[in-house]
Amino acid sequence: MSRLVVVSNRVAPIDEGKQTAGGLAVAVLAALKKSGGIWFGWSGTVVEESQSEPTRTEAGRLTYATLDLGRRDFEEYYNGFANQTLWPLFHYRLGLVSVDRRTREGYQRVNGIFADRLAPLLRPDDMVWVHDYHLIPLGEELRNRGCGQRLGFFLHTPFPAPEVLKVLPNHADLIRELCAYDLVGFHTEVDLRCFVNYIRYEAHGEVDERSHEGGTRIRAFGRTLLACAFPISIDTANLESLAHTAARSRHAERLRESLVGRRLIIGVDRLDYSKGLPKRFEAFQQLLETYPEHANRVSFLQIAPPSREDVPEYIAIRRELSELSGRINGRFAEFDWVPIRYLNKSFGRRILAGFYRQAHIGLVTPLRDGMNLVAKEYVACQDPENPGVLVLSEFAGAALELTEALIVNPYDTEGVADALQRGLTMPLEERKERHAALMRTLRRNDITAWRESYVNALTRAPYS
């Protein structure tokens, strides 16, 4: 069996007992333990100058290799091109895209640093699995250093339509860099189609869409590669079990007592403009206006841990949400009821599992999302005898799989309010039928199936 080498922007905590990591970390650790290998990436530490050699830590058959990044490299690569250019571009927020040659050069430079530090660690028969938009150029950088190993890439964000991607001045370079891999994976067939359309109509490459390991064979920029959709998922069985016990936890009991018999709508999202939180707050307000019978009978809990707190766009959205929640609460609250509970803090997976199980509705309405695992986690945590209802944005990748959810357009606040009303009044038998169908999907395509399907496809991908 070939050794697996995983490369990601961040490496999950080495102390597995303290991990609160989600799907990617669970999948990566399981794969690495199975084959042995290396997990390589940034340590999360910013220093004056980027580290010249990786810090290596052995844990059984697994080696963690991490780099500290210099301040300038971090600002230009991570805060700059990755998160002020690629992130808004890939999420269709063109007004927020920053075009800056300096940050693009920093992005390229750090990918070169990663390649320089990783290449000496590789064996000839290794398989290298690179993750996410931070590291698109890494495959080409490794090829330029003579690395002939099998290379795979997986994108955890959406991939934009060619017309959107072309906003980026160096869009052709980005696609050429993706074509340095032997396998390029996306969450959905929609993302795959956007990539294929660019190859066909902009790069004038050759596209063979006959089934090749469930994907599309591509010939472009002098290379042959395979592009496929691999919808990422969750550790379904583990979450089911966790939610069953978490329902009796102290935190779950405190939440239950505080509701005093009211129904709960829950949203859990990183504080990011792609998540559609202002529109979500407006939709809840619309629910109270259009269906006043829910006043003092429904509470909306929105958990939104802050992220990238020094970026102006994130400071602005945090201020906007505070003002919106204050205005809605000021209008509708009673002396014994606050409609919106808005929390800027994070909770561990066990606590969240207990909260999900309490909630009559899981409200997941991003304006654009690669997959959105919260939607899947909410479903897995429900009591099958009395399940809640998932209200899900059509612009989340999960909507293509979780078709029994109530699918909504997050820009249509009245439509979302109507879906909330439908969920709050849905008969038990319909809720159980929808939940059972959703769970069949989640059990069939869990995190293990995702990992194994990707690794198997990489093993059989065109190799040159």
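What follows is a short chat about a predicted model.

Me: What should I know about the model before we start?
Reply: The model is predicted: local features need pLDDT of at least 70, side-chain atom pairs count only at pLDDT 80 or more, and totals for chains, interfaces and linings use all residues. Residues are numbered from 1 along each chain as its sequence is written, and side-chain values use heavy atoms, with hydrogens and water left out.

Me: Helices first. At what angle do H6 and H7 cross?
Reply: The axes of H6 (residues 171-178) and H7 (residues 189-201) cross at roughly 110° and come within 12 Å. Helices (H or I, at least four residues) and strands (E, at least two) are DSSP runs, numbered from the N terminus. Axes are lines fitted to C-alpha atoms, for helices over the stretch in contact, and angles run from 0 to 180 degrees between N-to-C directions.

Me: So are H6 and H7 parallel or perpendicular?
Reply: H6 and H7 are therefore roughly perpendicular to each other. Angles under 35 degrees count as roughly parallel, over 145 as roughly antiparallel, 65 to 115 as roughly perpendicular and the rest as oblique.

Me: Which residues make the contact?
Reply: On H6, the contact is made by His 171, Ala 172, Ile 175 and Leu 178; on H7, by Phe 195, Tyr 198 and Ile 199. Contact means heavy atoms within 4.5 Å. The residues of the contact of H6 with H7 comprise 6 nonpolar, 1 polar and no charged. Ala, Val, Leu, Ile, Met, Phe, Trp, Tyr, Cys and Pro count as nonpolar, Asp, Glu, Lys and Arg as charged, and the others, Gly among them, as polar.

Me: And H10 with H11, parallel or perpendicular?
Reply: Their axes cross at roughly 10° and come within 10 Å, H10 being residues 277-290 and H11 residues 312-332. H10 and H11 are therefore roughly parallel to each other.

Me: Which residues meet there?
Reply: From H10, Leu 277, Pro 278, Phe 281, Glu 282, Gln 285, Leu 288 and Glu 289; from H11, Ile 317, Glu 320, Leu 321, Leu 324, Ser 325, Ile 328, Arg 331 and Phe 332. The contact of H10 with H11 has 9 nonpolar, 2 polar and 4 charged residues.

Me: Change of topic. What volume does the second largest pocket have?
Reply: About 330 Å³. On a 1 Å grid over the protein atoms alone, a cavity is a set of points where a 1.4 Å probe fits but cannot get out, while a pocket is an open set with protein on both sides within 12 Å along at least five of seven lines; lining residues have an atom within 4 Å of a point. Grid points are joined across faces, edges and corners, and a volume is the space filled by probe spheres set on the points.

Me: What lines the second largest pocket?
Reply: There are 17 lining residues, and the closest to the centre are Arg 357, Gln 358, Ala 359, His 360 and Asn 386. At least two lining residues each come from helix H9 (250-259), strand E11 (263-268) and helix H12 (349-358). By class, the lining has 5 nonpolar, 6 polar and 6 charged residues.

Me: Now Ile 266. Buried or exposed?
Reply: Ile 266, which sits in strand E11, counts as buried at 2% relative accessibility. Buried means under 20% relative accessible area, exposed over 50%, partly exposed in between (1.4 Å probe, protein chains only). Beyond its neighbours within four places in sequence, Ile 266 is in contact with residues including Phe 300, Phe 355, Ala 359 and Leu 363.

Me: Where is Leu 363?
Reply: In strand E14 (residues 361-364). Leu 363 is buried, with a relative accessible area of 0%. Among its contacts, leaving aside neighbours within four places in sequence, are Ile 265, Ile 266, Gly 267 and Val 391.

Me: What about Trp 129, what is it in contact with?
Reply: Setting aside neighbours within four places in sequence, the contacts of Trp 129 include Val 5, Val 7, Phe 154, Trp 450 and Tyr 454. Trp 129 lies in strand E5 and is buried, at 1% relative accessible area.

Me: Last one. What is the phi of Asp 132?
Reply: Positive, about 80°, although Asp 132 is not a glycine. Asp 132 is in the loop between strand E5 (127-131) and helix H4 (138-144), and at 14% relative accessibility it counts as buried. Tyr 92 also has a positive phi, about 65°, and is not a glycine. Tyr 92 lies in the loop between helix H2 (71-90) and helix H3 (101-118), and counts as partly exposed at 28% relative accessibility.
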